[in-house]
Amino acid sequence: MRIKKLNVIGFLVVLMIFFGIFLPLSRYLDIFGDNNVYQIDRYFIFESEINENYGWGDGFQEIDGENTDIIDLGVQHDTVYIGLDLSSDLMSLPGQYYLEINNPSFRSIELYRVNLEGLLVFCDVEGIGFLDSNDFGNPNPTFKITNSERWLPYVILKINSSEPIRFTALLSSESGFDSSFNKRTVFINIYIGIMLALFFYNLFLYFSVLDVLYLFYSMYVLFIALAQLSLSGHSYWYFLYQNPLLYEISIIGFTSIASVFAIPFVRNFLSTKERLPFFDLILKAIWVSYIVTFLLRLFGIVSLSYQITDINGFLVVITFFSIAILLVRRKIRSASYFLIAWSFFLLGIIFYILQTQGYFNLGFYANLPMLIGTALEAILLSLALADKINILKKEKEIEQAERLKALAENEQLVLEQNAMLEQKVRIRTDELEMALRNLQNTQSQLVNQEKMASLGQLTAGIAHEINNPINFVSSNVMPLKRDIKDIMEVIAFYRAAGEKEFSDDSRKQAKQLEEDLELDYVLEEVEQLLKGMDDGAKRTVEIVKGLRLFSRVDEQDMKKVDLHDGLNSTLILLNSTMSTKIRVVRDFEELPLVECLAGKINQVFMNIINNAVHALADHIDSVVDPKIELRTRALKDLVTVEIMDNGPGMPEHVKQRIFEPFFTTKAVGKGTGLGLSIVYSIIESHKGTLEVISEEGQGTTFKITLPIYQSTQRYE
């Protein structure tokens, strides 16, 4: 019942548009007849090239006047010469007349008239290759014809075109041409306004609902309008910058692009992939065919591109109508809208073909059926899309109502379960505490990852930036020492030779100069400066090496590493923050290479040693001989690393909570309480153990035990 009602409404809309728009418009344009317009129906094709000395009646073949309102020669690679018989009642009186060639795509069309002696006289040239020749602003080539006794009622057209040669020739009086041209301009502007309004309306809907269906349709409306404007020639003058090549490509190009958007729109709008898979495959094939057509035209294969376009159009009509009819029979609402809208487009095509075949004459308005058909199709499909929005709105309202109903049921269920919740408070409390601990662990891991990533990137970057210049300095210190030594040997030689060779005055002057320059002091100072530069360069090289060993930002897999390197690099990095009063004692035993994540283990060393440094620094005056001792031992499949300090130690209650996340004994703002928690999780992930041994006043020892081999090869 719903589909039948929709069909009745669609039929009423069709009648309203026909009687309310089409008939008044046709009456205004007077498209079914004009006494001031005559369509030429006698043509002559010349079999050889002509010139101004060519005589009328030589070498031409007359085309039968019946059913020849339109001449169609297809794509011609050579220049074509066509004669027209202007004999008609319209030209019975002398005066000015207009000859309009109803095809705007000709590159050039030259007009020759026949004088009383039967000779040809060149009069004018029109076409898209001659921008300044058309004084009328008419897309079609238009010539002024003066009817006088010195001319025979014949003209010859010399046509040069890369597009198919298909046209009708119209002869009109001056008043008839002006009236027709003004009406056509009004209609084209109305058409452009309607199509632009539909384009922006559907584009606005796309940005509102973000449904690609509206984007496909708005692009289709735009390019089908451009295609019609190219067929009528207006695109050449309006927006193609009067470029002949662009215009010729646009005739097939805009049609192909419009179809490239139309086919996805139909597939989406009618859901052919789910409802009609076979026809969906046909639509995909046609879509590919249109792309091929556009490419053929782009590369200058004109004739084949027009042939494929005609075939594609035939297939599109059959496929679209078959899909629409099948889905209408299934009572698909959107298919009924589509069928009605597409019928208007088909009617436009049929009327266009009928008038080109001579069944009726639209004169100047040959493209009118296609323009009206595309406009009505665009309007009705826009209404269909708007209807789809209403359907979606109703579906959303139903969905919201169902949700409200579900919410009401849930509320009732919650009220009924309130009594049960009181009995589960203890269980829920335990679960929340567990969730809190998990959250703290998660936060700890996140902070660990962020801290290691930032620290690794920072240290790796610093090491990389310092490495090159310090290598340059360190590699040049030794050559500089040798050079200075050579210079000093030369100075010593000069001194010895001067004592023997110089005169007394020269020796006095040299001695005075040495005293003024303090040469002995300068030489001693140079030696000290070179020694300082050498020591500084070596120290910087050690720091860079320590940074590179400590960062290891690119190592995300387990590798065999030397723990001593990690300890040494950590001490180098902490050297600047360590008081000179603190001694560092290394008690290293030979260790095997340990399978671990070097960067993570270095972070463990950094946190523990840094805490030891802070503990000693805070009590530097009260601790006798402050020191940090590092001890390593190998035990079968395990290794141990002990980090000991003789600081103040820690009470028992602090030792019990030392590995809890966010627990810290430092002042507010000086610690996050995450360092040892992170350390503990790293050692735990390496299947090791971390023990803390501490008493107040007896110092603190952290004992790390790690397996030499890991069972997994990657740290998560």
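Tutor: Start with a term: contact means heavy atoms within 4.5 Å. Keep in mind that this is a predicted model.

Student: Leaving aside neighbours within four places in sequence, which residues is Phe338 in contact with?

Tutor: The cut-off is heavy atoms within 4.5 Å. Neighbours within four places in sequence are set aside. That leaves Val266, Phe269, Leu270, Phe320, Ala324 and Leu381.

Student: How many residues does the largest nonpolar core have?

Tutor: Met195 and Phe338 have the most contacts inside this core. The elements that give two or more residues to the core are α2 (174–209), α3, α5 (244–270), α7 (277–298), α8 (302–329), α9 (333–356) and α10 (368–423). The largest nonpolar core has 69 residues.

Student: And how many residues are in the other core, which lies apart from it?

Tutor: Its members include Leu563, Leu574, Val654 and Ile678. The core that holds them has 42 residues.

Student: What share of the protein chain's residues counts as buried?

Tutor: Buried means under 20% relative accessible area. The chain has 716 residues. Of these, the buried share is 42%.

Student: What fraction of the accessible surface belongs to carbon and sulfur atoms?

Tutor: The accessible surface of the protein chain comes to about 39,500 Å². The part that belongs to carbon and sulfur atoms is 58%.

Student: How many helices and how many strands does the chain have, and what percentage of the contacts with a separation of 6 or more joins residues 24 or more positions apart?

Tutor: The secondary structure comes to 17 helices and 19 strands. For contacts with a separation of 6 or more, residues 24 or more positions apart account for 74%.

Student: Of what kind is the aromatic pair of Tyr217 and Tyr220?

Tutor: The structure holds 14 aromatic pairs. In the pair of Tyr217 and Tyr220, the ring centres are 6.2 Å apart and the planes are at 40°. Planes under 30 degrees apart count as stacked and over 60 as edge-to-face, so this pair is tilted.

Student: Which helix holds Tyr217 and Tyr220, and are they buried or exposed?

Tutor: The two residues are three apart, about one turn of the helix. Their helix is α3 (residues 212–232). Both Tyr217 and Tyr220 are buried.

Student: Which residues do ring pairs link into a cluster with Tyr217 and Tyr220?

Tutor: The cluster is built from ring pairs. Besides Tyr217 and Tyr220, it takes in Phe265 and Phe269.

Student: Phe278 and Phe279 also form an aromatic pair. Is Phe278 buried or exposed, and is Phe279 buried or exposed?

Tutor: Their pair is edge-to-face, with 5.6 Å centre to centre and 80° between the planes. Phe278 has a relative accessible area of 56%, over the 50% cut-off, so it is exposed. Phe279 is at 18%, under the 20% cut-off, so it counts as buried.

Student: Where does Lys687 lie?

Tutor: Lys687 has a positive phi of about 60° although it is not a glycine. Its place is the loop between α17 (675–685) and β18 (689–694).

Student: What is the relative accessibility of Ser235?

Tutor: Ser235 is found in helix α4 (residues 234–238). Beyond its neighbours within four places in sequence, Ser235 is in contact with Leu229, Ser230, Leu240, Tyr247 and Ser250. It counts as buried, with a relative accessibility of 0%.

Student: What distance separates the C-alpha atoms of His564 and Val641?

Tutor: His564 lies in helix α14 and counts as buried at 13% relative accessibility. Along the chain, His564 and Val641 are 77 residues apart. Their C-alpha atoms are separated by 9.7 Å.

Student: Which element gives the most to the lining of the second largest cavity?

Tutor: This cavity holds about 50 Å³ of space and is lined by 10 residues. With four residues, the element that gives the most is α15.

Definitions and conventions. Residues numbered from 1 in each chain as written. Predicted model: local features only at pLDDT ≥ 70, side-chain atom pairs only at ≥ 80, totals over all residues. Heavy atoms only, no water. Buried < 20%, exposed > 50% of the residue type's maximum accessible area, 1.4 Å probe, protein only. Areas by Shrake-Rupley, 256 points an atom, 1.4 Å probe, with all protein chains shown as cover. Phe/Tyr/Trp six-rings, centres within 6.5 Å; stacked < 30°, edge-to-face > 60°. Core = buried A, V, L, I, M, F, W, Y, C linked by side-chain atoms within 4.5 Å. 1 Å grid on protein atoms, 1.4 Å probe; cavity = no way out; pocket = protein on both sides within 12 Å on 5 of 7 lines; lining within 4 Å. Points joined across faces, edges and corners; volume = space filled by probe spheres on them.
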